[in-house]
Amino acid sequence: MFWQEEIETIDSKNLEKLQLERLQKTVRCVYENVPFYRDKFKDKSLKPDDIKTLQDIRKLPFTTRDDLRLNYPYGLLAVPKNGGVVRLHTSSGTTGKPKAIFFSKNDVNQSAELIARCLVMTGVKSDDILQNMMTYGLFTGALVMHYGAEKVGILVIPAGPGNTERQIALMQDFSSTCLHLTPSYALYLSEVMESKGIMPKRDLSLRRAYLGAEPYSEETRKKLEQMLGIDIYNSYGLSEMNGPGVAFECINKDGMHIWEDNFIVEILDQETGEPVTEGQQGELVLTTLCREGMPFLRYRTKDIAKIIPGKCRCGRTHKRISRILGRVDDMFIVRGVNIFPQQIERVLMSIKGVAQNYQIHLEAYDKMLVKVEIEQDFFDGNIEHLLILKSKITEKLKSEILITPKVELLEPSTLPMSEGKTQRVIDRRTL
Ligand code: AMP
Ligand code: ZN
């Protein structure tokens, strides 16, 4: 099933033609309307007419998160703020000012179109009911999904996050079939359901859940699919690119299709800014092709991913990106070894007996402590089994990250759980 079959299955020649037309239009637009870009073009002695082929994208300047902050709040608008834009979102900055993102009427519509493609791609039909458990408000996550699901024509329950008992009651009362939430909240939800003896397959109408807004591993997906008995699809987006709907998995769950008629994808070496060899991982850099309110050239997402080679069996021709393998700024170094939190998660979630939550504490330049919640049965059981589990976790972590962390086993629900993005790494070295 397709939402817009023609564009979703477009051949490479026509796609490239469309991308070039849209790129040239976007370049002219920012050159004429955004002083920040005009100055950057001047620094490089570049004119819009110099962009003659798609390869010329490499002549264009990058845009960074700092550029957004420095031009906060209205500096990067390409249309008048009165009459040109209809919606403001901000992005979760952990430090300093947030990033302000504006949508024109067409941007609101276009972002909903992309979500509609994504939902239909996972098999959503008119009898589906979406319980939207992301935060409504300044974040893009909930509202953009909401508008997209309404466009498909399905019932949307704007539940927002939190109040888990009420969430379960909503699922029971209205027979929700799809959920949209963060992976950490999904883990918590599954824990609560388990403790209440609710078996989603038996007691609820759930079919699928869309998980995004923060990284999670394939092991976590599998664990959740097993616990909830539903299909889980990865959903990637960022406020700067509309929010959710940038890239999404189809039913084959083998990478996320990224909508190339709306975004040009580059995977670059994060240090040199040069393209990596085909199929290698690097920083995802995106150029918007359809945004009116705030178009971005070569936006450095800081997210690390790779392109999945080959064609997808679903018939869509848009490239697939891997799971987000880390964020450039999530990486931490212990004893000279570069480590991403996702590596730790992948190992933990593959070990039987490990429950849903964990935290990484960095205590001194060479000291790392991993706190892991384990299943209640293990915790209450034989001390020998507990010690075996602990050394198994330590050993497996060591073989992944090459250093030996200290491991502490905890009862379920000991560590803080978040309904939004969860803080996994507590770095006391920088506190
Ligand atoms: P925000 O702009 O606040 O919505 O945050 C966007 C960021 O969330 C992205 O740049 C990613 O780092 C992260 N993110 C969003 N979706 C995913 C996903 N499916 N997997 C991993 N990280 C994600
Ligand atoms: Zn596909």
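**Exercises on burial, strand pairing and charge**

K390 is partly exposed, with a relative accessible area of 34%; here buried means under 20% relative accessible area, exposed over 50%, and partly exposed in between (1.4 Å probe, protein chains only). This is a predicted model, in which local features need pLDDT of at least 70 and side-chain atom pairs count only at pLDDT 80 or more, while totals for chains, interfaces and linings use all residues. Residues are numbered from 1 along each chain as its sequence is written, chains are lettered from A and ligands numbered from 1 in the order in which they are written, and side-chain values use heavy atoms, with hydrogens and water left out.

**Exercise 1.** Find the helix that holds K390 and the surface patch to which K390 belongs.

*Solution.* Begin with the helix: K390 lies in helix 13, which covers residues 383–401, where helices (H or I, at least four residues) and strands (E, at least two) are DSSP runs numbered from the N terminus. Then turn to the surface, where K390 gathers with R335, K367 and K406 in a patch of positive charge. Such a patch is made of residues with over 30% relative accessible area and no salt bridge, like charges being joined within 9 Å, and a salt bridge is a side-chain nitrogen of Lys or Arg within 4 Å of a carboxyl oxygen of Asp or Glu.

**Exercise 2.** Decide whether E194 is buried or exposed, and state how far its C-alpha atom is from that of Q281.

*Solution.* E194 belongs to helix 8 (residues 183–195) and is exposed, with a relative accessible area of 55%. The C-alpha atoms of E194 and Q281 are separated by 37 Å, and the two residues are 87 apart along the chain.

**Exercise 3.** Describe the cover and the partners of strand 12.

*Solution.* Strand 12 (residues 299–305) is mostly covered, since six of its seven residues are buried. It is joined to strand 11 (residues 282–288) by four bridges, the two running antiparallel, and E283 has I304 as its bridge partner. Two bridges join strand 12 to strand 15 (residues 326–327), again antiparallel, with R327 as the partner of D303. Two strands pair if DSSP finds at least two bridges between them.

**Exercise 4.** Work out which strands stand at the edges of the nine-stranded open sheet.

*Solution.* Write down the order, 4-3-5-6-7-8-9-14-13, with mixed pairing. Strand 4 (155–157) and strand 13 (307–308) stand at the edges, each with a single partner strand, so one side of each is left without a neighbour in the sheet. Within this order, strand 8 (residues 243–249) and strand 9 (residues 256–258) pair in the antiparallel sense over three bridges, and E249 stands opposite M256.

Note on methods
Patches are made of residues with over 30% relative accessible area and no salt bridge: like charges are joined within 9 Å, nonpolar side chains (Val, Leu, Ile, Met, Phe, Trp, Tyr) within 5 Å. Accessible areas come from the Shrake-Rupley method with a 1.4 Å probe; for residues, only the protein chains shown count as cover. Lys and Arg count as positive and Asp and Glu as negative; His and the chain ends are not counted. The place of a charge is taken as NZ of Lys, CZ of Arg, CG of Asp or CD of Glu.
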